[in-house]
Amino acid sequence: MSLQQIRLFGDPVLVTPAAPVVDFDKELRKLVQDLTDTMIDAPGAGLAAPQIGVSLRVFVWDVDEALGHLINPSLDLSEEEQDGDEGCLSFPSLSYPTKRAMRVVAKGWNMHGEPITVEGSELLARAIQHETDHLDGIVFIDRLDEQTRKIAMKDIRESDWFSESLVSGKTPTVKISPHKTFGKGF
Ligand code: NI
């Protein structure tokens, strides 16, 4: 088990599109394990590789007591939408109402290089969309309506974790607080 530091908003890796996985090797299986361990420890409902500083198209989730992972995903979204609070482990303690598709069909590969299809609705669909966004360098505040986004930016500027990273002039790598981000940190 190897816990990794979760990168916080302000780290350039979070706004960089990640590269597709090419080698389904031992290193990839270790990455999936590290992501899973780090997500469970946080605790969170999902975690994408860029959030631990690895710019590859891999993410994991822990939704409805089921662990999963997906590599090089492509998504098919329902037209029907859902609305609900969403948070992110890279934005500790913050969550905002975020519109997402209600259902998703995600195609990709597992860590052994076998093609898989994951179908999810509600929270699983939300997690898969949130994590796939991370792989494209998109963070959830990009998905907020304009007014909520303004509030979020203000909250971020006023947060301890963000101001600490500005003062130190370093990329924020603070270990997050041990409470769940409303049970929905991804
Ligand atoms: Ni996230």
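Mentor: Helices (H or I, at least four residues) and strands (E, at least two) are DSSP runs here, numbered from the N terminus. This is a predicted model, in which local features need pLDDT of at least 70 and side-chain atom pairs count only at pLDDT 80 or more, while totals for chains, interfaces and linings use all residues. Residues are numbered from 1 along each chain as its sequence is written, and side-chain values use heavy atoms, with hydrogens and water left out.

Trainee: Thanks! How many of the six residues of strand S2 are buried?

Mentor: Buried means under 20% relative accessible area, exposed over 50%, and partly exposed in between (1.4 Å probe, protein chains only). Strand S2 covers residues 58-63 and is largely enclosed by the rest of the structure, because its buried residues number five.

Trainee: And over how many bridges do S2 and strand S3 pair?

Mentor: Two strands pair if DSSP finds at least two bridges between them. On one side, S2 pairs with strand S1 (residues 46-48) in the antiparallel sense over three bridges, with Phe59 in S2 as the bridge partner of Ala48. With S3 (residues 66-77), Asp62 stands opposite Leu67. The pairing of S2 and S3 is again antiparallel, and its bridges number six.

Trainee: What is the phi of Glu65?

Mentor: Most residues other than glycine have a negative phi. Glu65 sits in the loop between S2 and S3 and is exposed, at 83% relative accessible area. Asp64, in the hairpin of these strands, takes a positive phi near 50°. For Glu65, which is not a glycine either, phi is also positive, at about 60°.

Trainee: Which peptide bond is cis, and what is its omega?

Mentor: Most peptide bonds are trans. Pro43 lies in the loop between helix H1 (26-41) and S1. The cis bond joins Ala42 and Pro43, with an omega of about -10°.

Trainee: On to charges: how many salt bridges are there?

Mentor: A salt bridge is a side-chain nitrogen of Lys or Arg within 4 Å of a carboxyl oxygen of Asp or Glu. One of them joins Asp142 and Arg149, with closest N and O atoms 3.3 Å apart. By this rule the count is eleven.

Trainee: Last one: in which strand is Glu81 found?

Mentor: Glu81 belongs to a negative surface patch with Asp83, Asp85 and Asp145. Patches are made of residues with over 30% relative accessible area and no salt bridge, where like charges are joined within 9 Å and nonpolar side chains (Val, Leu, Ile, Met, Phe, Trp, Tyr) within 5 Å. Glu81 is partly exposed, at 46%. The strand that holds Glu81 covers residues 81-87 and is S4.

Conventions: Accessible areas come from the Shrake-Rupley method with a 1.4 Å probe; for residues, only the protein chains shown count as cover. Lys and Arg count as positive and Asp and Glu as negative; His and the chain ends are not counted. The place of a charge is taken as NZ of Lys, CZ of Arg, CG of Asp or CD of Glu.
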